Amino acid sequence: MDPHELTVFVVGALYLDVILHVDSFPPQDSKLRAKAVEKRRGGNSGNTVEVLSQYTEGVRNRITGRNIGLSVEFVGSLTGNPPGGAGSADEPSVSPLVSNLANLPGVSLLWSVFRGSAHSEDPTSWIISTTDPASRTIINYNPCPDLTAEEFATQMGPALDGRRIATTNPIGDMTSPISKEESHASTWIHFEGRNTKETIRMIEFLDAFYLHDGSARRKSFSSRTPTGNPVLSASTPPSVAVSPSLSGEGDWELRNLMLSIEFEKVERTAEGIEEILPYADVCFFSKTYVEGNGFPGAPTGFLDNVRRRCKKGALLVVTWGDQGAFGLVNNPNRPAKTFHCTGIPLASNEIKDTIGAGDTFIAGMIVALGAMSLSPIEATTYACRLASAKCAQQGFANVLRSAHLP
């Protein structure tokens with residue numbers, strides 16, 4: 001079996017998380033002593049990559065009996081120089097944060113952009129984590145220039161061309177539905193859903209040159225401008241059902257090239273992030289995003305509303321804290337058929353650290369759908385259980401083992 005049967009490209013940012021653990025949130029102009037201070041690598045994408053990396057070391061799929069073949073590519077704008085590069089005598093050549101990420105098993109930074117010694121200060125998040133009530137308040141600072149669409153195209157073009165050559169599909173069309181014999185995707189690209197303007201253009205690039213027949217020439221991208229109203233081309237391959245096993249999943253399809261997007265912060269709506277809804281095979285929505293867009297306490301109502309702007313056959317999932325996740329496979333021609341999945345019930349004293357639970361959920365979904373070929377409901381249940389295990393421990397180390405998965 002090919003040891004890298006699924007390659008996951010995670011597009012986003014890398015942060016240093018400084019977590020202040022306190023009992024309750026401090027009032028303004030007050031002074032409070034923290035119970036503990038924790039520093040660790042973070043950022044949504046960084047967290048997802050760390051969980052994905054745990055699947056690269058010979059993890060056996062209990063359903064198929066085979067090892068899960070996974071490689072992980074982080075794609076982003078990073079401070080300093082790449083590992084092995086040279087910096088000046090006055091400044092370190094490589095950020096310790098970047099080195100830490102690069103040392104994760106099965107993780108590559110080959111397609112990232114390094115900003116050099118002129119940008120050596122890492123993005124940082126200060127997180128106030130409280131226990132009574134449980135909450136997280138985050139203040140971000142990012143001095144590192146974000147990845148541009150032109151940089152993304154320059155980096156990802158060769159990467160995807162290589163994957164196209166390597167695909168088992170004889171016609172080299174990475175968007176074709178997989179066969180039952182293949183049973184897994186070849187390439188999965190996940191976007192964190194930040195840096196909205198450039199992310200829209202990155203996905204337009206993928207749509208123009210890879211989400212269809214790939215016959216267009218990449219060199220024309222630099223002269224393109226955002227359309228502002230992206231729509232699916234008439235050449236989009238039709239939906240093809242892949243082993244539907246549960247009610248409401250008959251339109252789900254797994255392709256050689258899968259695209260997923262996270263919608264977490266409500267302010268991204270005003271920035272136009274929903275313009276990319278029609279392109280995604282899988283959409284992840286946070287509870288904050290759903291309620292901030294006018295659906296308080298109504299995840300299924302939100303799904304029924306947003307699906308009208310999404311691709312037919314797309315999987316739409318809303319994470320809902322300790323209530324698990326809600327989802328549907330989109331078919332705009334029939335009434336919505338939502339489903340609800342839960343994780344491992346945890347008592348309040350069993351919850352140790354909820355930071356990154358959503359990022360863990362996303363990693364679990366990518367593996368369950370892309371590498372294990374679980375159905376949408378089965379995959380969502382799997383990811384909920386993985387996220388529950390994350391909440392029951394500090395950090396991400398060995399979370400897969402803690403969850404007793406796959």
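**Exercise 1. The nonpolar cores**

Task: State how many residues the largest nonpolar core has, and which residues have the most contacts inside it.

Solution: 
1. In this predicted model, the largest nonpolar core has 57 residues.
2. The residues with the most contacts inside this core are Tyr55, Leu70, Trp188, Leu315, Phe361 and Met365.
3. Now look for the main contributor. Helix H8 (residues 357–371) supplies the largest share of this core, 9 residues.
4. Take Met365 as an example. Leaving out residues up to four places away in sequence, Met365 touches Phe284, Leu315, Val317, Gly370, Ala379, Thr380 and Ala383.
5. There is also a second, separate core of 45 residues. Among its members are Leu160, Phe209, Leu303 and Val318.

**Exercise 2. Aromatic pairs around Phe152**

Task: Classify the ring pairs that Phe152 makes with Phe191 and with Phe205.

Solution: 
1. Start with the total. The whole structure holds 12 aromatic pairs.
2. Phe152 and Phe191 have ring centres 5.7 Å apart, with planes at 50°. The pair is therefore tilted.
3. Phe152 is in helix H3 (residues 149–166) and Phe191 is in strand E10 (residues 187–191), so the contact ties together parts 39 residues apart in sequence.
4. Phe152 and Phe191 are both buried.
5. Turn to Phe205. Its ring centre is 6.0 Å from that of Phe152, and the planes stand at 90°. Edge-to-face requires planes over 60 degrees apart, so this pair is edge-to-face.
6. Phe205 lies in helix H4 (residues 196–209) and Phe152 in helix H3, so this pair ties together parts 53 residues apart in sequence.
7. Phe205 is buried, as is Phe152.
8. Widen the view. Phe152, Phe191, Phe205, Phe209 and Tyr210 make up one aromatic cluster.

**Exercise 3. A charge over a ring**

Task: Find the ring whose face Lys390 lies over, and give the distance from the ring centre.

Solution: 
1. The ring belongs to Phe396.
2. Lys390 lies over its face, 5.1 Å from the ring centre.

**Exercise 4. The open sheet**

Task: Give the strand order of the open sheet and the type of pairing. Then name its edge strands.

Solution: 
1. The sheet has 4 strands, ordered E3-E2-E8-E9, and its pairing is mixed.
2. Strands E3 (36–42) and E9 (134–141) are the edges, since each pairs on one side only.
3. From one strand to the next, the twist averages 20°.
4. Zoom in on one pairing. Strand E2 (residues 15–22) runs antiparallel to E3, and 7 bridges join them.
5. Pick one bridge. Asp17 has Arg40 in E3 as its bridge partner.

How values were computed
Residues numbered from 1 in each chain as written. Predicted model: local features only at pLDDT ≥ 70, side-chain atom pairs only at ≥ 80, totals over all residues. Heavy atoms only, no water. Pairing = 2+ DSSP bridges. Helix = DSSP H or I, 4+ residues; strand = E, 2+ residues; numbered from the N terminus. Axes fitted to C-alpha atoms, helices over the stretch in contact; angles between N-to-C directions. Phe/Tyr/Trp six-rings, centres within 6.5 Å; stacked < 30°, edge-to-face > 60°. Buried < 20%, exposed > 50% of the residue type's maximum accessible area, 1.4 Å probe, protein only. Lys NZ or Arg CZ within 6 Å of the ring centre and 35° of its normal. Core = buried A, V, L, I, M, F, W, Y, C linked by side-chain atoms within 4.5 Å. Contact = heavy atoms within 4.5 Å.
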